[in-house]
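Have the structure open as you read.

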Amino acid sequence: MTARIVVIEDDPSVAELVTLYLRNADFIVEHARTASEARKAMGDVKPALVVLDLGLPDADGLELFREIRSHADTPVLALTARAEDVQKIEALEQGMDDYLTKPFNPKELVARVRAVLRRVAGMPGGGRTLEVGNVRVDPARHEVFVAERAVTLRAKEFELLEAFCRQPGIVLTRDRLLEDVWGFAYPGETRTVDVHVKQLRDKLSGADAKIETVWGVGYKLVAPG
Ligand code: CA
């Protein structure tokens, strides 16, 4: 399992322990010490899961949780100290995926992370792997493979590829892609789509499914003959 996890934790000893155990369990871990670092880490590449300490120096943990949820349905496992029990309960009511109370056994954290990821993968629509030719997209784990080679994509590249793989052979206009992937109408900015398609083509070298340009209209993903 090579899912990427963002650990948001200001306590260096807890962060070190969590990072160490998750890395030993073959996760790719990115550590953020503050909410502002977390926003940067989240914006770059969508993680498969977030471990979130509710007591951060520069933000209310629950506020940050709501913020994460407003962008994406990324699963969140909360860490809380005893004094934050009230917050913990609130958090669960708001759909936190799981939580641990400090101090906790890091082995248990790894087990909980795996359980959450398995649960998310089993959800309707969430875990269905998309395959076009030798390109495989796993939306639940946020993984892409060309043949058996893992490909690392940035968030928008991933969403773009997912959009193509959900409708292979169908022409998707630039406006449609802007709306689906960037989430809002973005008139006159269709060049953004072109730039991302180019990056995606470069990263998908070796793929037998091709993103073809349909002149004057948009793009379509063509499966091999
Ligand atoms: Ca803390």
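A residue is called buried when its relative accessible area is under 20%, exposed when over 50%, and partly exposed in between (1.4 Å probe, protein chains only). The model is predicted, so local features need pLDDT of at least 70 and side-chain atom pairs count only at pLDDT 80 or more, while totals for chains, interfaces and linings use all residues. Residues are numbered from 1 along each chain as its sequence is written, and side-chain values use heavy atoms, with hydrogens and water left out.

Let's begin with helix H6. Helices (H or I, at least four residues) and strands (E, at least two) are DSSP runs, numbered from the N terminus. H6 covers residues 155–166 and is mostly covered, with nine of its 12 residues buried. Among them are Phe158, Leu160, Leu161 and Phe164.

Now for the charges. A salt bridge here is a side-chain nitrogen of Lys or Arg within 4 Å of a carboxyl oxygen of Asp or Glu, and the whole structure has 14. Three of these pairs are tabulated below.

| Salt bridge | Closest N and O atoms |
|---|---|
| Lys102 with Asp53 | 3.2 Å apart |
| Glu159 with Lys156 | 4.0 Å apart |
| Lys198 with Asp202 | 3.1 Å apart |

Asp53 is buried, at 2% relative accessibility. A network of salt bridges links Glu9, Asp53 and Lys102.

Glu159 and Lys156 both belong to H6, three residues apart. Glu159 is partly exposed at 22%, and Lys156 is partly exposed at 28%.

Terms used: Expected span 1.5 Å × (residues − 1).
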